[in-house]
Amino acid sequence: MSILEVADLHKHYGGSHILRGLSFALKPGEITVVMGRNGVGKTTLLKSLMGVVPVTSGRLTLAGESLDKLKTHQRVRAGLGYVPQGREIFGRLSVIENLQMGLASQPAGTPLPVELFELFPVLAKMRSRRGGDLSGGQQQQLAIARALAPGPKVLLLDEPTEGIQPNVIQDIGRVIRHLAHDKGLSVVLVEQYYDFCEQLADQYLLMQRGEIVMRGRGQDMAADGVKERLAI
């Protein structure tokens, strides 16, 4: 049974056709990686799923319920979590305050899940530090934790390894795998770092010019020649 279904998704910017009939489905507890060169529409896809940008046409359902008419904050309440490219944490707010912003869609007084600090111990140590004073890797962990705070069913990650030191990349990879395979969260990972994708993917989607041109199981990425297609 699919948790998220995307059907015939199209997006135009002016006269440019950015997303061209994208269709795919996510199963609970699976990691779907979306790959492709710069400019193929990967970030636009995530923004479209979140309602940050309006789509031209297409259908989106989460756990059987249509998201098509919902605004971004309503999609968060329905169960979508989003970590944008560049993290976009609040630099002048503390770590705790940033995490509390992730609960904005929840009833007043909802406590922060203790698990966030178990997933990212560095945040517990720096809970009073301002977000802007954290390293790039720490800010990325904060951004992921903020998206996890309301307990999403599906987590959308836009290039979480960008500008991050290798040891933190591995830590983030372990957290993503744990959330999906142990906790049943569905993850959509937009990424250009092939090795990271290959390690995590249960399903892969390869995009070119706004279309999905290849798809398959993560274990078949090498045999399918995905790395070579990314270089074209």
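My entries follow, one topic at a time.

**Ground rules.** I worked from a predicted model, where local features need pLDDT of at least 70, side-chain atom pairs count only at pLDDT 80 or more, and totals for chains, interfaces and linings use all residues. Residues are numbered from 1 along each chain as its sequence is written, and side-chain values use heavy atoms, with hydrogens and water left out.

**Helix 1.** Helices (H or I, at least four residues) and strands (E, at least two) are DSSP runs, numbered from the N terminus. I looked up residues 42-50 and found seven of the nine buried; buried means under 20% relative accessible area, exposed over 50%, partly exposed in between (1.4 Å probe, protein chains only). Among the buried ones are Lys42, Leu45 and Met50. Gly51 follows helix 1, with a positive phi near 80°.

**Helix 6.** How many residues of helix 6 are buried? I got 12 of 13, including Gln138, Arg146 and Leu148. These buried residues pack against several elements, among them strand 6 (80-83), helix 3 (95-101) and helix 7 (166-182); contact here means heavy atoms within 4.5 Å.

**Thr161.** I found Thr161 in the loop between strand 7 and helix 7. Why is Thr161 counted as buried? Because its relative accessibility is 10%. Its side chain joins that of Glu191 in a polar contact of 2.8 Å; such a contact is a pair of N or O atoms within 3.5 Å, and within protein one must be able to donate a hydrogen and the other to accept it, while residues adjacent in sequence count only if both atoms are side-chain atoms. Not counting residues up to four places away in sequence, Thr161 also touches Ile169, Tyr193 and Phe196.
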